[in-house]
Amino acid sequence: VQLVESGGGLVQAGGSLRLSCVVSGDTIGLNAMGWYRQAPGKQRERVALITPDGGSTNYENFVKGRFTISRDNAKNTMYLQMNNLKPEDTAVYYCNVVTIHGPTVYDYWGQGTQVTVSS
């Protein structure tokens with residue numbers, strides 16, 4: 001499985017960005033998809049999750065009401081719409097896919113895309 005993120009950039013506080021993650025390769029056994037972020041000097045943290053069918057989503061409290069995760073199965077793409085961005089949202093954002101084949105769990109990550117929010 002290969003993941004390619006795009007859509008990061010520099011934006012002022014209160015602005016918006018939409019991140020995209022194109023998923024390719026063998027996605028049989030796809031179990032979970034999500035976005036994570038890592039700010040300088042901090043551990044990577046989960047931002048939002050979505051089920052493979054897009055029917056269920058979950059958000060961390062610090063993005064609830066501001067970010068929306070979605071996916072377009074026809075385009076094999078997952079999105080993260082980020083509104084009302086804050087300086088503390090500055091981080092490298094990564095998309096993540098988990099597949100399960102029997103007893104084995106496979107964890108895939110994209111290369112990351114930088115989001116910088118200026119005050």
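Is Tyr 106 buried, exposed or partly exposed? Tyr 106 counts as partly exposed, at 35% relative accessibility. The scale runs from buried (under 20% relative accessible area) through partly exposed to exposed (over 50%), with a 1.4 Å probe and protein chains only.

This is a predicted model, where local features need pLDDT of at least 70, side-chain atom pairs count only at pLDDT 80 or more, and totals for chains, interfaces and linings use all residues. Residues are numbered from 1 along each chain as its sequence is written, and side-chain values use heavy atoms, without hydrogens and water.

Now to the rings. The structure holds three aromatic pairs. Tyr 94 and Trp 109 form one of them, edge-to-face, with 6.5 Å centre to centre and 85 degrees between the planes. This pair links distant parts of the chain. Tyr 94 is in strand β9 (residues 91–101) and Trp 109 in strand β10 (residues 104–109), 15 residues apart. Strands are DSSP runs (E, at least two residues), numbered from the N terminus. Tyr 94 is buried at 13%, whereas Trp 109 is partly exposed at 33%.

Tyr 106 pairs with Tyr 108. Their rings are stacked, 6.5 Å centre to centre, with 15 degrees between the planes. Tyr 108 is partly exposed, at 23% relative accessibility.

The cut-offs are these: rings of Phe, Tyr and Trp (its six-membered ring) pair if their centres lie within 6.5 Å; planes under 30 degrees apart are stacked, over 60 edge-to-face, and the rest tilted.

Ring pairs also join Tyr 36, Tyr 94 and Trp 109 into a cluster. Arg 44 lies over the face of Tyr 94, 3.8 Å from the ring centre. The charged end of Arg 44 also sits over the ring of Trp 109, 4.5 Å from its centre. Such a placement requires NZ of Lys or CZ of Arg within 6 Å of the ring centre and within 35 degrees of the ring normal.

Note on methods
Helices (H or I, at least four residues) and strands (E, at least two) are DSSP runs, numbered from the N terminus.
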